[in-house]
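Welcome! Let's take a friendly look at how the parts of a protein structure meet one another.

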Amino acid sequence: MVRGFPDLSGTPAARIAMQNIELILQGICTGIMMGLIYALIASGFTMILGVMNVVNFAHGNFVMMGMYLAYSLGVRFGLDPFASIVVVIPVMIIFGATVYFIIIKPIQGQPQYAQMIVTLGLLYVIENVVIWIFGGESRTLNTPYTTAAIALGGVRLSVARLLGASASLVVLGGLFLFLYKTDFGRAVRACANEPESAQGVGINLNKVFYTAFGIGAAMAGIAGCIVMPFQVCNPTAGIPAVLKATVIVIVGGFGSIPGALFGGLVIGIAESVTSAIWSPAFANVVVFSVLILMLLWKPSGVFSRG
Amino acid sequence: MILLELDGVTKKFGGLTAVNKLTTTVQKGEILGIIGPNGAGKTTVFNLISGFLKPSEGSIRFKGEDITRLEPNQICRFGVSRTFQIAKPFGNITTLENVMIGAFNRAKDVGEGARIADRVLERTLLSSKRNALAKNLSVPERKRLELAKALATAPEILMLDEPMGGLTPTEIDKMTELLLDVHKEGIAILIIEHVLQAVMNLSHRIVVLNYGVKIAEGEPTEIGKNSGVIEAYLGEEYVFPSR
Amino acid sequence: MRESRSLRPFYCLICAALAVATVPLFVSSDYFLTVFISVLYGVYLCICWNLVFGYTGLFSLCHQAFLGIGAYTSTVLYLNHKLSPWLGMFVGAFLSTALAVGLTFVCYRYRVKGLFFGIVTLAFAFVIQNLVMSWDYVHAAVGISLVQMDAPWDYYFMERSPYYWIILFLVVIALAVTFFIERSYIGYYLKAIREDEDAAEALGVPSSRYKILVMAVSAFLISLGGTFYAQFYMYIHPENVLSFGPMVTMQVGTMAGGAGTLLGPVIGWTFFGFFDEALSWLPIGSLSTATITRITYGVILMTIVIFLPTGMVGLAKRLSVILRIRSRRYSGE
C-alpha cells in the first residue's frame with residue numbers, strides 16, 4: 001500500500017476532501033467507533049471460520065438475536081442494553097453450543113455445500129421465529145443516551161456509539177487474553193492453525209469447536225446489544241450483517257482476529273466517510289467496492305500467511 | 001525431437017524460492033525421472049508445467065509453442081496431462097465415467113468416450129471396477145484410476161506425480177509394467193518418484209532437484225554415483241563412507 | 001447402473017407430461033388447479049436451480065434475483081410500454097442471462113469459488129432486491145399489481161387451465177434441457193467440475209466456460225418462470241420474487257428429492273408443494289401460517305442435509321440395491 005504513492009493533491013478526490021474536511025473528520029471518528037463494533041461481529045465469524053472451517057451464514061442473525069434480546073429485556077424490565085449483556089452472554093453461549101451440536105457437528109464429514117445449506121436453513125428459521133414472536137416491523141430502543149453526544153474539537157461523538165466502541169474494545173481485549181494467555185485459548189489457536197497436529201497432542205477438538213461456536217455466538221450477541229441504543233432492528237438484518245462480516249474477514253484474512261479488527265476499522269471508516277460526504281446508500285457501494293479491490297489485490301486477506 | 005522445454009523457470013512464494021531457474025527438456029518418447037528430497041519443489045514444477053501455477057520468471061514451451069501462461073485445461077488439450085500425488089477421483093460417479101471425462105478431451109461423443117474409456121480401463125486393470133463409484137475404490141485402484149484418467153486424454157506427455165506412492169512391491173512391479181507399456185505407444189513420461197529403484201529402472205534420464213535447484217541431470221547410473229545427489233538425500237556423512 | 005443411450009426416458013417424460021396435461025379436463029375446481037399450478041411452479045424453480053447446484057456444484061444463492069428480474073422486466077415493459085409479456089419475458093430472460101454470465105465471469109476472473117461464490121451471489125441478490133425496493137420506477141416496496149384483461153396475446157387468460165399448460169410446458173422444457181445436457185459430454189463435465197474442479201481442469205475441462213454456460217441457461221429459464229409468476233398471480237413484490245423465500249423453495253425441493261438427479265427436484269417439490277398446501281389448512285391465522293410454514297421449511301432443510309443428503313432419489317437407489325441383494329440371496333439358495 002505504500003509503494004511510491006503519486007502526488008494526488010490536484011485530483012478531484014483531494015478537492016472534495018479539502019472542502020469537506022470537517023465531514024471527513026466526523027466520518028473518521030464515527031467510523032472508528034463503528035469499526036470496533038463491526039470488528040466484534042467479524043471476530044466471532046472469523047473465529048468459527050478459522051477454527052472449524054465453517055462459514056456461518058447465520059452469524060448476522062446471531063447479532064440480530066442479541067438486538068431482540070436487548071430490546072425485550074429493555075421493554076419488559078427496563079434493562080439498559082449494556083446491562084442486558086450479562087444475560088445475553090450465557091444465553092448466546094448456550095445457543096451457540098446447541099447450534100453446533102444439533103446442526104454443525106452432524107455434518108462434519110460432509111462436503112462444503114452441507115454447511116452452507118444448513119446455516120442458511122438456520123438463518124431462515126431464526127429470521128422467521130423472530131417475525132413470529134415480534135412481528136415484521138422494525139423496533140428501536142431508546143435509552144437516556146441515545147441522542148447524547150460529546151463535542152470534541154469540531155466533531156460530535158455519539159455517546160451511544162462511544163460506549164459501544166469501548167465495550168467492543170473490552171470484549172476484544174478479553175478475547176485476546178483468552179486466546180493468547182490461557183491454555184485453552186492456545187488450544188483453540190492450535191486448532192485453527194494445525195487441526196491434525198492439535199489432535200495429535202491430545203487437544204479435544206470437539207470441546208474446542210463447542211467453545212469457538214459458543215464464543216462466536218456470544219460476541220455476535222453482545223454486538224447486537226451494543227448497537228440497540230442507536231440502531232433500528234428488524235428481522236431481515238441478518239443477511240446484510242453477515243455480508244459485511246464477510247467483507248471484513250476477506251480484508252483482514254480468514255481466521256485472523258487482528259485481521260478482523262483491522263478490517264472492521266477499514267470498513268467502518270470507509271462506510272462512515274462516504275456516508276457523511278455522499279449518502280448511506282452510496283456507502284454500501286463503497287463497501288462492496290472494497291470487497292472487489294481486495295479480491296483483486298490479495299484474495300486471502302491482508303493478514304493471512306503467504 | 002524436443003517436446004517440452006523449461007527455460008529458467010522460477011517460482012517464488014513471497015520470500016521462498018520454490019523453484020530456481022530450472023532449465024531442462026523432455027524429448028519425444030523419453031522417460032524423464034525427477035527425484036529429490038521432500039520439499040525440493042518437484043510437485044511445484046508439475047504445477048507450473050500444467051498451468052496450476054504461473055512462474056515468476058522463465059518460460060515453458062511445448063513443441064515450440066509458449067504454454068507458460070495458459071490455463072490447465074488448455075495445456076491438457078495441447079497434449080500434456082498430469083496425475084496428482086494424492087489421487088483426486090471424481091468420487092460420486094463411476095470409474096468408467098471418471099475415465100470418460102479424460103476421453104472427452106479428444107472425442108465429444110458419449111459413445112466414443114465410453115469405448116475409449118473401456119479400453120483404458122482394460123489396460124489399467126480396472127475393468128472389474130467399471131461400474132463402481134470411484135469413492136469406493138482402494139488406494140492402489142485409485143492410483144491406477146489417476147493414471148487411467150490421464151491416459152484417456154491421449155497425451156503426448158504424461159506427467160506422473162509419485163504413482164508408486166503407498167504401493168506394495170507387487171503393485172509397484174505392475175505399475176512399472178504398465179508404464180513401460182504406455183511408453184511403447186510413444187508417449188513421453190515425466191515421473192516424480194521417491195521409490196528410487198523403480199524410477200532408476202524406468203527412466204532414460206534423471207533430473208535431481210534440491211531446494212528448487214537442479215543439482216544434477218543425466219543417466220540413472222551417473223546420478224547414482226553423484227556425490228551431490230547422495231549428500232542431498234542422505235546428508236554429508238554418507239558422501240565419503242569412511243569404513 | 002450404466003446409463004442407457006436410448007431416448008426412452010425422454011419418451012416416458014413426454015408421455016407422463018401428456019398424461020398430466022389432461023388433468024384440467026377432469027378437474028374443474030379453480031382451487032385445485034391453482035394448487036397444481038403452484039406446485040408445478042415450485043418444481044420448475046427447483047429444476048432450474050438443480051442444473052447449477054446439483055449437477056455443477058455451484059453455490060448459487062442469486063437465482064431468486066433472476067426470477068425477480070424476469071418478473072419485473074416483463075411487467076414493467078407491459079405496463080409502461082405496452083410490450084406483450086410474451087416478448088417481455090425474453091427481454092427479461094436475456095437481461096438475467098447477461099447478468100449471470102457477467103457475475104460468473106467476474107468470479108472466475110478473481111478466483112472466487114466454493115462458499116465464497118455463494119456469498120458473492122448472496123450479496124448480488126441482496127443488492128438487486130434492495131435496488132428494486134428503493135426504485136420508484138418499479139414501484140419500490142409497494143409491489144406492482146397487474147391489470148386484468150382478457151388478452152391471450154398479452155399473456156393473460158380468464159381460465160386457469162391455460163396457465164396450467166404453460167407452466168407444465170415450461171417444466172417439460174426445463175426437464176428436457178436437463179436430460180439432454182446430462183446425457184451429453186457436457187453433463188459429464190459438469191459433474192467433474194462439481195466433484196473436483198482442479199482434477200477436471202487437468203483433464204482438459206474448461207471449467208469456467210461450462211460454469212458460465214450452465215449459469216446462463218439456468219438464469220434464462222428461471223427468468224421465464226418469473227414472468228409466468230407475474231402473469232398468473234397478478235402481483236409482484238420484492239418479497240415474493242426477489243427474496244430468500246423462493247431460494248429456500250429451490251433448496252428444499254432439490255435437496256429433498258435428490259440434487260444432481262433428473263427427477264429429484266420433481267419428486268422433492270411435488271411432495272413439499274402439496275405439504276405446503278396442507279399446512280395452510282391448519283386452523284391458525286394466515287400470517288402465522290406463512291411464518292410457521294417458513295420455519296418448518298428451514299427446519300426441514302437442515303434435517304434433510306443432516307439425515308438424507310442424497311434426497312429421496314438417493315434413498316430409493318439405496319433401497320433398490322438392498323432389495324436386489326436380498327432377492328439375489330434368496331434366488332441363490
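Here is a short tour of two contacts, one inside a chain and one between chains. Keep in mind that this model is predicted.

**Two domains within chain B**

- Where the two domains of chain B touch, domain 1 supplies 10 residues and domain 2 supplies 10 residues.
- On the domain 1 side of this contact, the elements giving two or more residues are α2 (72–78) and α6 (169–184) of chain B.
- The largest share of that side belongs to α6(B), with four residues.
- Sorted by class, the residues on the domain 1 side of chain B are six nonpolar, one polar and three charged.

**Where chain A meets chain C**

- This contact draws 27 residues from chain A and 27 residues from chain C.
- Which elements give two or more residues to the side of chain A that touches chain C? They are α5 (112–134), α10 (238–252) and α12 (280–297) of chain A.
- Look for α5(A) when you view this side, as α5(A) gives the most to it, with 14 residues.
- The side of chain A that touches chain C has 22 nonpolar and five polar residues, and no charged residues.

Notes: Residues numbered from 1 in each chain as written. Chains lettered and ligands numbered in written order. Predicted model: local features only at pLDDT ≥ 70, side-chain atom pairs only at ≥ 80, totals over all residues. Contact = placed C-beta atoms within 7 Å. Nonpolar A, V, L, I, M, F, W, Y, C, P; charged D, E, K, R; others polar.
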